[in-house]
Amino acid sequence: MLLCVPGSLRAGAVNRKLLAEAARLYGGPSQVADLRLPLYDGDLEDAEGIPEGVQTLAAQIAAAEAVAISTPEYNQALSGVLKNALDWVSRAPGAPWRGKPVAIMSAAAGRSGGARATYSLRLAMTPFRPRLSTGPEVLLAAASRQFDEDGRLTDARALKTLTEAMEILRAEADA
Ligand SMILES: Cc1cc2nc3c(=O)[nH]c(=O)nc-3n(C[C@H](O)[C@H](O)[C@H](O)COP(=O)(O)O)c2cc1C
């Protein structure tokens, strides 16, 4: 199972669309993670423990053969929604990211296709010691114009890059 982690909560998010294409190209079953979690709060954790949604997310990561994360670029960095989820999962028992094959990508409005967001996400993932793919970089610029009505990527080069990235992720998962 491929776990898709969108860093945007928006139903129509381009990062969700990119992950749907990633899952199609990866092949086989996939799941989309729900990052609608409370903001990390040590008092909440002390009073109620790890929220159910965080436990679910941690279990999904642990069970996945591979994970694809797509983050929007917010002011040149990863989304707060995604960072919040990473912080919560780090508080859950076990180390679900450890050794997990992970591909990072971004769809953004700007011309850099979220390059800075993916770098900051790469840094944010470092403490968890996943097996992060190093390339090819999937950076979708002017992302709202890159999908047709069926949610398919229209740009041949973007499709080729994503196909290669998913082949590499699958090979990592099978290794
Ligand atoms: C708070 C905020 C900051 C943003 N900063 C950037 C940015 O630094 N670079 C960029 O390319 N786009 C930026 N954008 C535009 C997003 O790339 C665009 O809204 C994108 O569609 C968000 O992804 P989503 O459709 O998956 O929600 C920003 C949008 C918001 C709301």
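User: Is Trp88 buried or exposed?
Analyst: In this predicted model, Trp88 counts as buried, because its relative accessibility is 0%.

User: And how many aromatic pairs does the structure hold?
Analyst: There is 1 aromatic pair. Tyr40 and Trp88 make it, and the geometry is edge-to-face, with 4.8 Å centre to centre and 70° between the planes.

User: Where do the two partners of that pair sit in the chain?
Analyst: They come from distant parts of the chain, 48 residues apart. Tyr40 is in the loop between β2 (30-32) and α2 (42-48), while Trp88 belongs to helix α4, residues 80-91.

User: OK, strands now. How many residues of β1 are buried?
Analyst: For β1, residues 2-6, that's 5 of 5, so the strand is mostly covered under the cut-off of 20% relative accessible area for buried.

User: Which way do the β1 residues point?
Analyst: Leu2, Cys4 and Pro6 point one way, Leu3 and Val5 the other way, and all are buried. In general, side chains in a regular strand alternate between the two faces of the sheet.

User: What does β1 pair with?
Analyst: One partner is β2, which runs parallel to β1 and is joined to it by 3 bridges. Cys4 has Val32 as its bridge partner there. β1 also pairs with β3, residues 66-71, again in the parallel sense, over 5 bridges. On that side, Leu3 is bridged to Val67.

User: What kind of unit do β1, α1 and β2 make?
Analyst: A right-handed β-α-β unit.

User: Tell me about α1, then. What does its length look like?
Analyst: α1 has 13 residues, and its first and last C-alpha atoms are 18 Å apart, close to the 18 Å expected at 1.5 Å a residue. Just after α1 comes Gly27, with a positive phi of about 85°.

User: Which residues of α1 are buried?
Analyst: Val14, Asn15, Leu18, Leu19, Glu21, Ala22, Ala23 and Tyr26. Their cover includes β1, β2, β3, β4 (101-107), β6 (138-140) and α6 (156-174).

User: What does Glu21 touch?
Analyst: Setting aside residues up to four places away in sequence, Glu21 touches Phe147, Gly151, Arg152, Leu153, Leu159 and Leu162.

User: Tyr26 was on the list too. What sits over its ring?
Analyst: The charged end of Arg170 does, 4.2 Å from the centre of the Tyr26 ring.

User: Last one: how many residues apart are Ala173 and Lys100 in sequence, and what's the distance in space?
Analyst: They're 73 residues apart in sequence, and 8.0 Å apart in space, C-alpha to C-alpha.

How values were computed: Residues numbered from 1 in each chain as written. Predicted model: local features only at pLDDT ≥ 70, side-chain atom pairs only at ≥ 80, totals over all residues. Heavy atoms only, no water. Phe/Tyr/Trp six-rings, centres within 6.5 Å; stacked < 30°, edge-to-face > 60°. Helix = DSSP H or I, 4+ residues; strand = E, 2+ residues; numbered from the N terminus. Buried < 20%, exposed > 50% of the residue type's maximum accessible area, 1.4 Å probe, protein only. Lys NZ or Arg CZ within 6 Å of the ring centre and 35° of its normal. Contact = heavy atoms within 4.5 Å. Pairing = 2+ DSSP bridges. Right-handed = clockwise from strand over helix to strand, strands pointing away. Expected span 1.5 Å × (residues − 1).
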